[in-house]
Amino acid sequence: ACDPLTPRKTLTRLGATVVVLGPSPERCAAARAPIVQRAMSDDRWLGALALLCERITSDPDAALQKGEDGAESLFKQLQAKAATSKPARRSRAWLSQCAVFLDVLPAYRVRVATAAEKAQTQTAETKAARDREERLLKAYAAYVETL
């Protein structure tokens, strides 16, 4: 549609015929419109990805839990962006998830508590920390699985 070698018009002056090559400006603008719309949607998608990552890193504990309105956790939303996107978007989502996990994961080794450890009496603080770590491990395992 926007081929530079397409004859646009033919001019005849003083017995000489000249063929003007190139598309008409209207056809070229119409051919470029979907590219501009696609670029804008990519920018919007990247903005949404950045906002989601920022929300996760600002409050990782809240990001691990479901929203008040029943929405999925922010980590699951981030994983969904990586799973349902085009290859270029998918790789950016994977890299973003990697950066988020580098920021959010604690410096110490996290493991799932055994059944015997769970059966012991625990303070509310210890129980909350173990639950948070377990949810974080599940989110990380899902991320690694998609790679």
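Predicted model: local features only at pLDDT ≥ 70, side-chain atom pairs only at ≥ 80, totals over all residues.
**Entry 1: H3 against H4**

I started with two helices. H3 covers residues 74–83, and H4 covers residues 87–104. I looked up how they pack. The angle is about 150°, and the axes lie 8 Å apart. An angle over 145 degrees counts as roughly antiparallel. H3 and H4 are therefore roughly antiparallel to each other.

Next I listed the residues that meet. H3 brings Phe75, Leu78, Gln79, Lys81 and Ala82. From H4 come Arg90, Ala93, Trp94, Gln97, Val100, Phe101 and Val104. I sorted the residues of this contact by kind: eight are nonpolar, two are polar and two are charged.

**Entry 2: the core**

I then turned to the largest nonpolar core. It has 18 residues. Which of them touch the most other members? I found Ile56, Phe75, Leu78 and Val100. I also noted which elements give two or more residues to this core: H1 (25–58), H3, H4 and H6 (124–146). H1 supplies the largest share, five residues.

**Entry 3: Phe75**

**Entry 4: aromatic rings**

I searched the whole structure for aromatic pairs and got four. I took one of them, Tyr140 with Tyr143. The ring centres are 6.1 Å apart, with 50° between the planes, and the pair is tilted. Both residues sit in H6, three residues apart, which puts about one helical turn between them.

Tyr143 is buried, at 7%.

Tyr140 and Tyr143 belong to one aromatic cluster with Phe75 and Phe101.

**Entry 5: Ser73**

Last, I looked up Ser73. Where does Ser73 lie? I found Ser73 in the loop between H2 (60–63) and H3. Its relative accessible area is 7%. The cut-off for buried is under 20%, so Ser73 counts as buried.

I set aside neighbours within four places in sequence and read off the remaining contacts. Ser73 is in contact with Ala63, Leu64, Gln65 and Lys66.

Key. Residues numbered from 1 in each chain as written. Heavy atoms only, no water. Axes fitted to C-alpha atoms, helices over the stretch in contact; angles between N-to-C directions. Helix = DSSP H or I, 4+ residues; strand = E, 2+ residues; numbered from the N terminus. Parallel < 35°, antiparallel > 145°, perpendicular 65-115°, else oblique. Contact = heavy atoms within 4.5 Å. Nonpolar A, V, L, I, M, F, W, Y, C, P; charged D, E, K, R; others polar. Core = buried A, V, L, I, M, F, W, Y, C linked by side-chain atoms within 4.5 Å. Buried < 20%, exposed > 50% of the residue type's maximum accessible area, 1.4 Å probe, protein only. Phe/Tyr/Trp six-rings, centres within 6.5 Å; stacked < 30°, edge-to-face > 60°.
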